[in-house]
Amino acid sequence: IPRVTFKALREVLNDYESCTLFLYDVDPGADLDNILAKDCKDIGVKLEWANAAHFKKWGMEDGDIEASRAFWQVMRKKTKVVDLLTNAHTKSVMEYGDLAPKRHIYMYYGSERGVRHQATLGILQNTPFLIEMEQKKIYVATLREEVAMQKYPTEVQDIVTRTYSCFKYTSNSLVIFSQDGVILQQNPEANSLFGMDSVEMSMYVDFGKDDKPVDRIKALFKGNDRLYDEMWQSVVEEDRTWTCKVKLFKHNFRPRDEALDLERSSSSFSSTPSAGSDDALSPTEEEEEMMYGPGRWYFLAFNKFFDPSDGNPVLFLEMKDIHDMQMEKLKYVAARKAEHQLLQSIIPEHLIQFLVDETKERSNYSNSSSGNSRITSPKSGKSSSRSTSSDLSLLDISAIRMSTENRVRAVAESHENVTVFFADIVGFTKISSSSTPGDVMMMLNTLFTLLDDLCDHHSIYKVETIGDAYMCAAGLQLKSEV
């Protein structure tokens, strides 16, 4: 690892292209091998020095290191990419001991504070080394060159074309929107959904009847203004990633075709929503399927970045078709409901409630340490976590296994004045021998159904039937009892 003095570095780089010196927050007296083996989560970086070209490049007064530090902190806080790359480089040096210079392409929007102009591409190079500061203290540092030279003449061009190839050939649908909803660019997967209407692929912008550009973002959320507002606040106003699972139909992608489809389908449905409802002017999900055909489930992820062509903010949408996966999940939930209903007919209500509460508690503990994506009803807009509350209220057979003594002890209850009733048919063996199997089953079913009705009427818990024997218990004070 290279080692230089702070004095020599300033003398050489003061009149060089824009560069800065960062020191890693580690003990300068520690052994280097111990430093490089340290977990980087607790290691910070501090901007220690910058040359004159750096202050000019970013529109600051020459030598104002505090302004540069504040600018750097804002960049890390508000620009996720900057923070990710900084953390990755720290991890590379401190955890992996990789001391080779690292480079990446970045966008430079000019030096005017608060204003973004058309961006130019630059190469930023981070070089780790040891530096001797005052009092002979040795620090692990990195030199950040903000105008690094290309390794070969077409390096930037090659990186950009490879990046565009990733955009073009990915299996997910990728779309870049202006803030007023015009499609600026999209990949081939998105063409099949939105049509070839992007500025990149069409000679004209898609206009509506009001002579204004069609807002294709609002069309994507048509019938769900609340969900659109939530996305807009998260992405545009708070600069956060927004994700959601939602069912979309043809008119969400192709709003120009909606009028024709409505005319064709107007005689095929009637909508009678309740007064004052959010969907008073929108068809139901079933009616949408009649008009536009079956919908499909998609995972949506919206982000914001600044367009390198003019510096204006744009929205980036990544869509993944999850319809088959979602339909399998719905089948699974239906099976869970059927299994839950079966268990309800067998197990006492207080035991059902105990197992449900136990399942929710385990899920809450799991969710506290992991993020959740959301699933959204296309009409109501109501969203929930990956493990929905309805899922957690459903039991399966595995939930009733008393695998530990503590579980058995937790569900055990004590009741006063309990009566256990046993009933047995006198002469059942003789009756069975002189009757057909069908007659025997009809007799038992009629008798036990009458006993079941009496148990339900008097809140008596039926334990089981064994052959011609019937067992039940009264006085259990079941939680389902009125």
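Predicted model: local features only at pLDDT ≥ 70, side-chain atom pairs only at ≥ 80, totals over all residues.
**Helix α13**

I started with α13, which runs over residues 323-344 and has 22 residues. From first C-alpha to last I get 31 Å, close to the 32 Å expected at 1.5 Å a residue. Next I looked up which of its residues are buried: His 323, Gln 326, Val 333, Arg 336, His 340 and Leu 343. Looking down the axis of α13, I find these buried residues within an arc of 150°, so they line one face of the helix. On the face turned away from the buried side of α13 I noted the exposed residues Asp 324, Lys 331 and Gln 341.

**Aromatic pairs**

I then went through the rings and have 14 aromatic pairs on my list for the structure. For Phe 194 and Phe 253 the ring centres are 5.2 Å apart and the planes stand at 90°, so this pair is edge-to-face. Phe 194 belongs to helix α7 (residues 188-194) and Phe 253 to helix α10 (residues 250-253), so the pair ties together parts 59 residues apart in sequence. Both Phe 194 and Phe 253 are buried.

Phe 221 and Tyr 228 also pair edge-to-face, at 5.9 Å centre to centre with 65° between the planes. I checked burial here too: Phe 221 and Tyr 228 are both buried. These two pairs belong to one aromatic cluster, whose other members include Trp 232, Trp 242 and Tyr 298.

**Charges over rings**

Last, I looked for charges over rings. The charged end of Lys 57 sits over the ring of Tyr 108, 3.8 Å from its centre. Arg 116 lies over the face of Phe 306, 3.5 Å from the ring centre.

Definitions and conventions
Residues numbered from 1 in each chain as written. Heavy atoms only, no water. Helix = DSSP H or I, 4+ residues; strand = E, 2+ residues; numbered from the N terminus. Expected span 1.5 Å × (residues − 1). Buried < 20%, exposed > 50% of the residue type's maximum accessible area, 1.4 Å probe, protein only. Arc of directions from axis to C-beta. Phe/Tyr/Trp six-rings, centres within 6.5 Å; stacked < 30°, edge-to-face > 60°. Lys NZ or Arg CZ within 6 Å of the ring centre and 35° of its normal.
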